[in-house]
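Could you walk me through a protein model, one feature at a time? I am new to it and would like to learn how to read it.

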Amino acid sequence: MTFGRGVKQGHCLSPTLFNLYSEYLNMEALEGFGDFRTGGKVIRNEKYADDLLLLAKKEAVLQGMGERQNKTGRCYGMEINVKKTKVMRMSRQPSPIQIQIYENSQRIWNI
């Protein structure tokens with residue numbers, strides 16, 4: 001007997017399984033990060049459906065979060081969709097921000 005993985009697109013279990021899967025992936029990937037506080041609580045990420053928002057006060061922290069998210073995601077069989085990935089800086093003094101993710105010493109995406 002052979003077992004595949006996943007469920008068909010549109011299946012009612014799909015969002016639930018994705019949420020469970022992504023919750024453990026994010027807990028593992030983002031452990032140790034967390035300088036973004038609101039209401040006295042550390043917030044590392046927010047999720048909506050299959051979208052993930054990473055929050056950080058410093059560019060270097062966000063860079064590390066992205067790298068760890070990419071590395072851990074690959075271990076879980078998931079990949080970042082580069083075409084849908086964006087970086088937004090919220091600041092009174094806007095300046096450019098550049099996040100790069102490397103895999104085996106090669107830059108795989110640059111935002």
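Q: What should I know before I start?
A: This is a predicted model, in which local features need pLDDT of at least 70, side-chain atom pairs count only at pLDDT 80 or more, and totals for chains, interfaces and linings use all residues. Residues are numbered from 1 along each chain as its sequence is written, and side-chain values use heavy atoms, with hydrogens and water left out.

Q: What is the mean pLDDT of the protein?
A: pLDDT is the predictor's confidence in each residue, from 0 to 100. Here the mean is 79, and 85% of the residues reach 70 or more. Among the elements, helix H2 (residues 59–75) has the highest mean, 87, while strand E6 (residues 106–110) has the lowest, 59.

Q: How many helices and strands are there?
A: Helices (H or I, at least four residues) and strands (E, at least two) are DSSP runs, numbered from the N terminus. This protein has two helices and six strands, and along the sequence they follow the pattern α-β-β-β-β-α-β-β.

Q: How many salt bridges does a search of the whole structure find?
A: A salt bridge is a side-chain nitrogen of Lys or Arg within 4 Å of a carboxyl oxygen of Asp or Glu. The search finds one, joining the side chains of Lys-47 and Glu-23 at 2.3 Å, N to O. The pair links distant parts of the chain: Lys-47 sits in strand E3 (residues 45–48) and Glu-23 in helix H1 (residues 14–29), 24 residues apart.

Q: Why does Lys-47 count as partly exposed?
A: Buried means under 20% relative accessible area, exposed means over 50%, and partly exposed lies in between (1.4 Å probe, protein chains only). Lys-47 counts as partly exposed because its relative accessibility is 33%. Across the protein, buried residues make up 21% of the 111 residues.

Q: Which residues make a nonpolar surface patch?
A: Patches are made of residues with over 30% relative accessible area and no salt bridge; like charges are joined within 9 Å, and nonpolar side chains (Val, Leu, Ile, Met, Phe, Trp, Tyr) within 5 Å. Here Val-7, Leu-13, Leu-17 and Leu-20 make a patch of about 330 Å². Val-7 lies in the segment before H1, and it is partly exposed, at 36% relative accessibility.

Key
Areas by Shrake-Rupley, 256 points an atom, 1.4 Å probe, with all protein chains shown as cover.
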